[in-house]
Amino acid sequence: MNNLSTTDTASIVHRSFGLDVCRTIACLLVVFGHMLGHSTPHPVLAGFSFLATFGVDLFFCLSGFLIGRILMKEAAHWREQKIAGVTGFWYRRWMRTLPLYIFFFFVSLRFDWAGATTFVEQFHYLVFAQNFAWNMTDFYRLSWSLAVEEWFYYTFPLVMLLIIGLGAGIKRAAVIGIMVFLLVPFLARIGLPIQSVRYDDARYVVLYRLDAIGFGVLIAYLYTWHRPVFQSLSSFWYVPFVLAVTLIVLTRQGLPWTAGSKFEQSLFFTCSAIFFAALIPAFFNLRASRFDLINRFVRYTSLISYSIYLGHIFAFILVINVLNRYGLHERIYTNPWLVYPIFISCVYALAHLSYTFIEKPFLKLRDVDSFSKLKFLKDFQRFGAGK
Amino acid sequence: MKVDLKILSGVLFFSLIAIGVLSFVRWTGVGRVADLPVSAVAPVVLPQGLDVMVTSAEITLEVKACDIDKLGDEFFLHTYPADVSSAGPEGFINQQFNLKALKPIEYKDQAGLRSCRYRVELSPGANTRVALGQFRAPEGRCCEILWNKEVKLDE
């Protein structure tokens, strides 16, 4: 959801269409699931709202793959750059993710939870401590996955840097980092069960979910150093696809919560991450379709996917409030043929605005190099001198 | 294999920052759940689309159109045993469940509309009454009772 790396023009050149498809599917699964939860769908449709959770799982794996590739490339210079290599990586990630996250944090305070909570009560959201190893509250609940991502951005490079600092090469550092990020969440899910309030609380805890991104990094590792294996995964895409569909069907039946033991529950999350991560190579090799309209839709949805993800619930709330204000709630809200197109239009409109006015300016600011900064300062000085 | 102390000290510094932030946040009470007693003023009206039947051995929940997403909040079932020594300090045995984690025992088609039936067994032994309902924990504060139905079994 937050793994786009550059601004419009450059990104269109460097983007993989297949990964855009993956991001679009993940994003629309989330929006679709939550849209059902914010409406009165047909009973047949109502049973599919759980698909939103798999949209996020796919996002995690994709994010792991993209960030993993960046890290394995950048880590080649970390021995010389020392800690500056990692802080530079954090700076780029934070400029990419934090502005919009903070914006919607304040939107939640002001509009969604107006008067019901305060900044002081929720300050821990600003350091992504809302769900580290404990349940999060209902405030700004969408942010749970952002917290998982941010802790991954923070801790994974540190683990790699630690191994490099101890004298190992990048490849070994990556392997050890990946193993840590696959094993620790698996064991934590068994050994440190949280006190659940809802039946599926464990799904939203950072420590329990880091392996979903870890498996994405594993795929990036295969891409970087074992390309034939990566290509084989792409060729046999139908195996993880069938397994992922089976997993989705089993989830509909109540898994992993009906599983007999914590071990089986933990294994379920691991399998889910493996199956979705194993689909990434197939997505990566996917080429654009013959239909330009579809290609443009996919590219655009992917481009603004982070804004869609963080803003879609607010778009639903906005539509419901407007319908109430103008007395149209009963007439429109109960009719899915009317309300769903309105919901989707509003989601895209809001995402377009937040992308244009928040994400894009910060991305431009981030990509200003030191030469441009110097030029800006000189121009500013000249302006000050009246020249 | 040369150990780089500058890198290691940098890693230690940033690790300590993370530990410090988490410890501070935890110290302020984030993530702690405070249990409050069940509210006595919870509505007794059952949610739309849900029927409940209670016998001395089990409760059966019938969900119209099998639409369990509208009943997504956690259920509580408090069973009050005749022998109070077998209950917890509150005087009842607490069972917690969610329909999404249960398998329907039966599907029923009536006038073209399907409904799903779920069964939850009561704790064995003689029970005097049961209280069934759904709750939420807004902001982690337990619990906001959405509805609550009590049935006496010893009459």
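**View 1. Where chain B meets chain A.** In this predicted model, 33 residues of chain B are in contact with 33 residues of chain A. On the chain B side, helix α1 (residues 5–27) gives the largest share, eleven residues. Sorted by class, the side of chain B that touches chain A holds 19 nonpolar, five polar and nine charged residues.

**View 2. The largest nonpolar core.** This core has 113 residues. C61(A), M160(A), A277(A) and I280(A) have the most contacts inside it. Helix α8 of chain A (residues 144–165) supplies the largest share of the core, 14 residues.

**View 3. The surroundings of C61(A).** Neighbours within four places in sequence are left aside here.

**View 4. Helix α13 of chain A.** The helix runs over residues 262–277 and has 16 residues. From first C-alpha to last it reaches 23 Å, close to the 22 Å expected at 1.5 Å a residue. Its buried residues are S266(A), F269(A), S272(A), A273(A), I274(A), F275(A), F276(A) and A277(A).

**View 5. What covers α13(A).** The cover over the buried residues of α13(A) includes α4 (51–74), α9 (170–191) and α10 (206–225) of chain A. Helices α12 (238–252) and α14 (280–284) of chain A are also included.

Notes:
Residues are numbered from 1 along each chain as its sequence is written. Chains are lettered from A and ligands numbered from 1 in the order in which they are written. This is a predicted model: local features need pLDDT of at least 70, side-chain atom pairs count only at pLDDT 80 or more; totals for chains, interfaces and linings use all residues. Helices (H or I, at least four residues) and strands (E, at least two) are DSSP runs, numbered from the N terminus. The expected span of a helix is 1.5 Å times one less than its number of residues. A residue is buried if 20 or more other C-beta atoms lie within 10 Å of its own, exposed if 12 or fewer, and partly exposed in between; C-beta atoms are placed from the backbone. Two residues are in contact if their C-beta atoms, placed from the backbone, lie within 7 Å. Ala, Val, Leu, Ile, Met, Phe, Trp, Tyr, Cys and Pro count as nonpolar, Asp, Glu, Lys and Arg as charged, and the others, Gly among them, as polar. A nonpolar core is a set of buried Ala, Val, Leu, Ile, Met, Phe, Trp, Tyr and Cys residues joined through C-beta atoms within 7 Å.
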